[in-house]
Amino acid sequence: MNLTLRIWRQQSAIAAGRFITYQVKDVTPDMSFLEMLDALNEDLINRKEPPIAFEHDCREGICGSCGFLVNGVAHGGQRGTTVCQLAMRFFKDGDTLTLEPWRARAFPVIRDLVVNRSAFDRIIQAGGFITAPTGGAPDANATLVQKEDADTSFDAAACIGCGACVAACPNAAAMLFTSAKITHLNSLPQGQPQREERSLSMVVAMRNELFGSCTNHGECEAVCPKQIPLEFIGKMNRDLIRALWHRHREPLVIPGTVQLPCAEDAHEHFHEDFRLPVQEIAHQDPLQKFQADLDPESQVRATK
Amino acid sequence: MLDARIPSGPIDQKWNKSRYEMKLVNPANRRKHSVIVVGAGLAGAAAAATLGQQGYHVHCFSYHDTPRRAHSIAAQGGINAAKNYRNDGDSVFRLFKDTVKGGDFRGREANVFRLAEVSVNIIDQCVAQGVPFAREYGGILDNRSFGGVQVERTFYARGQTGQQLLLGAYQALEEQVAAGRVTMHIRNELLDVVLVNGIARGIVTRDLVTGQIECHAADVVVLATGGYSNVFYLSTNAKASNCTAIWRAHRRGALFGNPCFTQIHPTCIPLSSEHQSKLTLMSESLRNDGRVWVPRKKHDTRAPKDIPEAERDYYLENRYPSFGNLVPRDVASRNAKEVCDEGRGVGPHGQGVYLDFADAIHRLGLETVREKYGNLFDIYQRITADDAYNVPMRIYPAPHYTMGGLWVDYHLMSTIPGLFVGGEANFSDHGANRLGASALMQGLADGYFVLPATVPDYLASTKLDSVSTSGPEFMAAKVEVENRIHKLLAIEGNRSPDSFHKEVGKIVWDNCGMARSDAGLRKALARIPELRDEFWHNLRIVGTGEELNQTLEKANRISDFLELAELMCVDALHRTESCGGHFRVESQTTDGEAKRDDANFSYAAAWEWRGVGQAPALHKEPLSFEYVPLSQRSYK
C-alpha cells in the first residue's frame, strides 16, 4: 500500500517546527509502524535528506521508549498497543497519517518526534521507591502479602513510563503515571512506612513539573498501552487526603524545587521573619493551597 | 598472564573467605572516591545504587533518556534462586551443578557457586524493594519450573519479570540520585576508556543531544553494558543494544572471553519480510504444552490442517523421547535449523516450524490454554495476524544472549586494572550455554552483591594518584574519539549504516550462527574485512556530529560490530570442538549431537587485541571441574 505521511519536523528544542509531507510506497501489511518509518528513513538517507528522529528500542512494547501521536491519538489507537507493535495492516492504501510528538509543556521537544521525559524521573526521585538498602533484607517470605494486594500492585507496576497518558490528557496531567507508581508501592506491606511521605512528595513533584490536573476525561486510560485503570487516580487522591490528615513531618526533599512548609506548620518551625508571602506559598505549593481549602482556620491565618 | 584470583579452600567457603580478606574503605572516606558506572540495566543500576548507599560518589551513564529503558526490561520468564521454598530437593549446590552442566562445562566453578549462593539474597532484596512477584493465596511467593530442570526454583512476575526487577533497581537508583550520591548522565554514550599509568581512570562520552565529546575521570570504572547479539542484526535484543563499550575497552587492552559463545533461542516469531527490524521472543514456557512439527515431505505447501497426522514429523519427540519438546535451547534450535535446511520448513520463506496447540486444547480445554498462555497468543496475533488457537504457531530460532564478553577474574575485574565488568557484558558464569531464568540472576548478583564488595576492595588496596580530565591521556583519547566521528561523517558514500549492519549480520548468522564449519568460518573471515573496508569508504551519514543524529549513533556502533564479528569467527574457528551453543559440524557424535573435546578445549579463550585486521593473540584460562564431574549431556 502507499501512504501519505505528514510528519512534525523540528531540528532542535529551540528551532521552530512544521509539518512536512512524505510519500511512502510499497508498505506491506506485516510491517510494524516503526519499520515503515525505517523504510522512509532509508529512503531519506538515499536522497541525502535528514532522517526522522524518533525514539524506540525494544520494539516489544515494554521499554517505553517509543511513542508519538498518529492522527492525534497516542500510539495510534489500537487498545493496549505501543506504536512499535502497531502493525501496518490496520491502515489502508491511500491513507494520510499525521505524526507529531507528545505535546505537553512538561515534555519539551528535543527533535522531530523525540521529547524530553525527564520530569517522570524527578517524580520518582521524590518518593517513587521503597528505602531498602542492599544487604539488610529479611527473608522474602517473612512478610506475607495478600494475593489481591500483590495483583493490584502488579497491575500498577506494569506502567512503562512512555508518557502517552500525558499526551492524551487535555490538561497534560501526569496523574495516571504518578498514581500507578503510588498504587504499586502503597499496596504492599513493604511500602507502608513511607506511604504518606511518598504520596505527598510525589504529588508535589508532579505539580512542580508543570503537569496539569485531572478533570476526569479518561483519555489517559484509553491510550495507555498497559491499560492502567483510571481508578488508581482515585486511590492516589484517597492516599493524599489520608496523608494530609496523618502527616507529622515535611515532604521529602525534592530536587530542584524550593521546599515550602504548609501554613499550618509554619509557625512551629519558622520564625515569623522567614515566612514567605502567603500568596507566593499558595502559588508554589499546591499542598498548602489544598490544605487551606480544606481548613477554614488556616485560611483565616493565611489572610491575616 | 591470566590470574583469575580464585580464593583457595572448599568451594562453599570461597566467597566468605574472599569477603573476609577484602580491604574496606572507612565510611568517612568513601565520598572522596568517585566511581563511574556505565549502563543502567540490572547490573549497572544495582551496582550504582548500592555503591551510592555505601557512600561513594557515583556517576552513572546511560544512552537512554532514563535508566528504566535498559533492555533487562524485556526479560519475560523469571529469575532463579535456590530458596527451596517448595521443599523439592533444591539447594545452592544443586543450582550450582545445574548451571555448570547447562553451560556444558565451559564456565568457572568458583564463580558459578558464588552466583548460586547469593541467588537467595537477591529475592530477599527485591521483595524488600517492592517487586510484585507472583504470590499464592496464602501470601507466600509462587514458584514455577523452567528450562527443563527438575525443581521449581523460578520466581516470576507474570511475563514481565525483567521489567519488575529493573524497576526495583531503577527506583533504588533514583533514590540515590535524589540523595545526591549518584549523578545520572542520561543520553550519554561511552566512546572510549581512558587509562592512566596502565589503570582505568575515566571514560570519554558523547552527549547524544548536543554531540559534545566529554571526558570524565574517576577512581574506578564499571562497565555493565549488556551483550552483543545485535552483531547478527536480527536478534531479540533492543535496537540500540551494542558492543561499543566493551569493544573500545577491548581495544584498550581488556581481553575478550569466549566471543563465539552465543545463545540462539528456539521459540521466536519467524522473519516475515526483508523490512523486519527485530525478532520477537515467545516465552520458552510454550514448549510445555505445544508440540513441534514439520511436514515429512519437502516443500509441502499445504495448509497445516490439510496435512494428515501420518505425514507430520514431530521431530523432537521422535528424536529425544525422554525430554521431547523440552530439550535445552541449543538442542531445540539446532534441530529446527536442520529440518528447515532439508527443505521441510514452513511459512512463506521456509524458515519456520510449527508449534501446535491442537492437542493441548483437546486435552486441557480452550479455557485452560487461554489462561496459561493467553497473553503470548495475543502477542503472536498482534504481530502475525494469525489466531494460534486455530492454526499452529510458526516459530524459528533467533539470537538472544551472549555468554561471551570481557574476560574478568573472580573479582569481576578485567585485565585492565580498575576496569570492572558486570552482567551480560562479562563472560564469567554461563559457560557455553545459559539456562533459562539465569540472566536476571547473574545481572543482579553482580550488581547488588559482587561489585559492591570487590570495587571497595580495589579502592582500598590501590594507590590512586589524582588525575585531571585535562591530562594528556584524556586529551589524547578525546582527540581519537573526535577523529573517528569526523572520519565517519566525512566518508559521504552511498550506503546507509543499516545496509552494512544487515549484511554483516547475515554473514555472521550464516557462518557463525547455529552451526559452524571450518569452510564457512573461513569464508566469513575473508568477507568481513572486505565489508569493513567498504564501510569506511562507502558509508553515508546525513547531518552533523553536533546534533541529535541517530544515523551517526548507529554507524558508530556498527563500526565496532564489524570488528567484533571477525573476532567471533576467529574464536569459533579455533575451537574445533562442539559445546553448548557452539556447534562445530566437524565435531558431532554418530547420532548428530554436540561432541566436546575436554582434552584440548577445557579452557576459557581470552583474546588480546592486536589492531584492526591483525590476528588477535590467544590466552587460555584452564578450567578444572572438582565438584561437578565432566560428563556428556544426553537428552535422549
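This is a predicted model: local features need pLDDT of at least 70, side-chain atom pairs count only at pLDDT 80 or more; totals for chains, interfaces and linings use all residues.
Chain B holds 17 helices and 19 strands. Its C-alpha trace spans about 75 × 60 × 50 Å along the principal axes. A compact globule of 636 residues would have a radius of gyration near 26 Å, and the 24 Å of chain B agrees with that. Buried residues account for 58% of the 636 residues in chain B. Take the contacts in chain B with a separation of 6 or more: 73% of them come from residues 24 or more positions apart.

Chain A has 12 helices and seven strands. Of its 304 residues, 50% are buried. Among the contacts of chain A between residues at least 6 apart in sequence, 70% join residues at least 24 apart.

## Where the chains meet

The contact between the chains draws 62 residues from chain B and 65 residues from chain A. On chain B, six helices each supply at least two residues of the side that touches chain A: H3 (42-54), H5 (109-129), H6 (161-178), H11 (366-384), H12 (439-461) and H16 (550-574). H6(B) gives the largest share of that side, with nine residues.

What is the make-up of the side of chain B that touches chain A, in nonpolar, polar and charged residues? It divides into 24 nonpolar, 23 polar and 15 charged residues.

## The nonpolar core

Nonpolar side chains tend to be buried together in soluble globular proteins. In this model the largest nonpolar core has 280 residues. The residues with the most contacts inside this core are A:Val166, B:Ala48, B:Leu173, B:Val222 and B:Leu223. Helix H16(B) provides the largest share of the core, 13 residues.

B:Leu223 shows what such a position touches. Leaving out residues up to four places away in sequence, B:Leu223 is in contact with B:Val38, B:Gly39, B:Ala245, B:Ile246, B:Ala249, B:Leu419, B:Val421 and B:Ala425.

## A three-stranded sheet in chain B

Three strands of chain B form an open antiparallel sheet in the order S6-S7-S8. Strands S6 and S8 (213-217) stand at the edges with a single partner strand each, so one side of each has no neighbour in the sheet. On average, neighbouring strands are turned by 25° against each other, direction ignored. Helix H13 (residues 472-490) of chain B packs on this sheet and touches S6, S7 and S8. The direction of H13 makes about 140° with that of S6(B).

Strand S6 (residues 188-196) of chain B is mostly covered, with eight of its nine residues buried. Eight bridges pair S6(B) with S7 (residues 199-207) of chain B in the antiparallel sense. One of the facing pairs is B:Leu195 with B:Ala200 in S7(B). These two strands form a hairpin with two residues between them. In the turn, B:Asn197 has a positive phi of about 50°.

## Strand S12 and its partners

Strand S12 (residues 291-295) of chain B has four of its five residues buried, so it is largely enclosed by the rest of the structure. S12(B) runs antiparallel to S14 (residues 353-356) of chain B, and three bridges join them. B:Arg291 has B:Asp356 in S14(B) as its bridge partner. S12(B) also pairs with S13 (residues 312-313) of chain B, in the antiparallel sense over two bridges. Here B:Val294 stands opposite B:Asp313.

## Two loop residues with positive phi

Most residues other than glycine have a negative phi. A:Asn216 has a positive phi near 60°. A:Asn216 sits in the loop between helices H6 (195-208) and H7 (219-223) of chain A. Is A:Asn216 buried or exposed? A:Asn216 counts as exposed because it has 8 C-beta neighbours inside 10 Å.

B:Leu412 also has a positive phi, near 65°. Its loop lies between strands S16 (405-406) and S17 (419-421) of chain B. B:Leu412 is buried, with 26 other C-beta atoms within 10 Å.

Terms used:
Residues are numbered from 1 along each chain as its sequence is written. Chains are lettered from A and ligands numbered from 1 in the order in which they are written. A residue is buried if 20 or more other C-beta atoms lie within 10 Å of its own, exposed if 12 or fewer, and partly exposed in between; C-beta atoms are placed from the backbone. Two strands pair if DSSP finds at least two bridges between them. Two residues are in contact if their C-beta atoms, placed from the backbone, lie within 7 Å. Ala, Val, Leu, Ile, Met, Phe, Trp, Tyr, Cys and Pro count as nonpolar, Asp, Glu, Lys and Arg as charged, and the others, Gly among them, as polar. The radius of gyration is taken over C-alpha atoms; the globule rule is 2.2 Å times the number of residues to the power 0.38. Axes are lines fitted to C-alpha atoms, for helices over the stretch in contact, and angles run from 0 to 180 degrees between N-to-C directions. A nonpolar core is a set of buried Ala, Val, Leu, Ile, Met, Phe, Trp, Tyr and Cys residues joined through C-beta atoms within 7 Å.
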